[in-house]
Every structure is written in structure tokens, then in C-alpha cells.
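Colleague: I am new to this structure and would like a close look at a single part of it. Please keep the account plain.

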Amino acid sequence: MSIMVIAVVATTVRVDATQELKERIIERLPVEKNEPIAITDIKVDGQGVSFHKKFRASDDWLQSLVISIKNKSGKVILFASIDLQFPRPRRPQDPPMAIYDMSYGNWALQTRRPTSEEVLVGASPGEVVEIRLSPQQSDALRGFLTATTIHRVLRR
């Protein structure tokens with residue numbers, strides 16, 4: 001019998017969009033105890049990038065973002081979610097982060113039990129799968145970032 005494991009891994013993405021340098025950085029929040037997945041690789045434009053290290057990429061770099069995760073649990077993972085957190089300009093009425101979700105598997109399984117067919121499809125223990133945004137999700141993310149006024153210089 002397969003069991004659905006929902007894993008939420010949050011990362012913070014900092015974008016310096018006002019300079020031509022186009023430096024980016026992906027930061028990882030601390031790993032939670034007993035987290036059922038491990039991030040094994042991150043690629044942008046086909047090139048490996050590391051957490052907490054600046055890299056150069058085009059304005060549409062999130063379209064090419066691929067995060068590889070390994071199932072380190074003893075169960076089949078039917079759905080896993082990674083939250084991308086974007087720092088927001090400071091305004092008292094707004095939360096400090098805008099959050100957008102990337103996921104693996106069937107999103108609907110968050111609110112219902114899987115069917116007998118769905119429990120057969122997932123990441124087996126030890127298996128590595130890739131999470132990426134679809135073209136529609138990339139467009140939605142671009143609109144989301146514009147709507148939440150993220151695009152400005154962010155300093156640590």
C-alpha cells in the first residue's frame with residue numbers, strides 16, 4: 001500500500017532586477033527534522049547552481065528552474081511541494097514574503113484520498129524526480145511577481 005507524503009520545502013529567492021548584472025541567489029531554509037525528501041540538484045538554464053551562492057541568469061530564469069528531489073522516506077511519495085518565497089518591499093500591511101508553489105505529483109491529493117490507480121504513480125523510495133514549472137505556471141508566476149511588486153533591489 002502506498003501512502004501520500006506531503007513535503008513542503010521553502011526556499012527564498014532573491015532577485016536584483018534593477019541592475020544589468022542579473023545576479024540571482026537561492027537560499028534554503030533550514031532542513032526540517034524527518035523531512036521525507038532531499039534536494040539533490042538545482043539547475044537554471046541547464047547549469048547547476050548552489051544554495052546561498054550567487055549566479056548569473058536571464059530575466060526569465062525561473063522558467064528554466066529545475067529542482068531534483070530524492071525520496072528518502074520508506075514510502076511512495078504521491079505529492080511533494082516546494083514553496084518559493086520572494087522577499088517583498090516593506091509595507092506594514094503586507095506579509096514580508098510572497099509565496100509561490102512548485103510541486104511534483106497530483107495537487108488534488110492535498111484535499112482527498114488517492115484512487116487505487118493514483119497510488120501506483122509516484123516517487124518510490126530512493127527515486128529522484130524533477131520539479132519544474134510548466135509554461136502556464138511560469139506565466140502565472142511572472143504575473144504573480146508583477147502583482148506583488150517584487151521587482152526592486154533587495155539588500156540583506
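How many aromatic pairs does a search of the whole structure find?

Modeller: This is a predicted model, and a search through the whole of it finds two aromatic pairs. Phe55 and Trp61 make up one of them, edge-to-face, with 5.4 Å from centre to centre and 75 degrees between the planes. Both Phe55 and Trp61 are buried. Phe79 and Trp107 also form an edge-to-face pair, with centres 5.4 Å apart and planes at 75 degrees. Phe79 belongs to strand E7, while Trp107 sits in the loop between E8 and strand E9 (128-132), so this pair ties together parts that are 28 residues apart in sequence. Phe79 has 0% relative accessibility and therefore counts as buried. Trp107, with a relative accessible area of 46%, is partly exposed.

Strand E7 (79-87) has another partner: the buried residues of helix H1 pack against E7 and against strand E8 (97-105). H1 covers residues 135-147, 13 residues in total, and reaches 18 Å from its first C-alpha to its last, close to the 18 Å expected. Its buried residues are Ser138, Leu141 and Leu145. These lie on the same side of H1 because they cover an arc of only 60 degrees around the axis. In general, an α-helix has 3.6 residues a turn, so residues three or four places apart point the same way. On the other side of H1, the exposed residues are Gln136, Thr146 and Ala147.

The loop between strand E6 (66-71) and E7 holds Ser73. Ser73 counts as buried because its relative accessibility is 18%, and its side chain reaches the backbone oxygen of Lys75 at 3.1 Å.

Methods:
Residues are numbered from 1 along each chain as its sequence is written. This is a predicted model: local features need pLDDT of at least 70, side-chain atom pairs count only at pLDDT 80 or more; totals for chains, interfaces and linings use all residues. Side-chain values use heavy atoms; hydrogens and water are left out. Helices (H or I, at least four residues) and strands (E, at least two) are DSSP runs, numbered from the N terminus. The expected span of a helix is 1.5 Å times one less than its number of residues. Buried means under 20% relative accessible area, exposed over 50%, partly exposed in between (1.4 Å probe, protein chains only). The arc is that of the directions from the helix axis to the C-beta atoms. Contact means heavy atoms within 4.5 Å. A polar contact is a pair of N or O atoms within 3.5 Å; within protein, one must be able to donate a hydrogen and the other to accept it, and residues adjacent in sequence count only if both atoms are side-chain atoms. Rings of Phe, Tyr and Trp (its six-membered ring) pair if their centres lie within 6.5 Å; planes under 30 degrees apart count as stacked, over 60 as edge-to-face and the rest as tilted.
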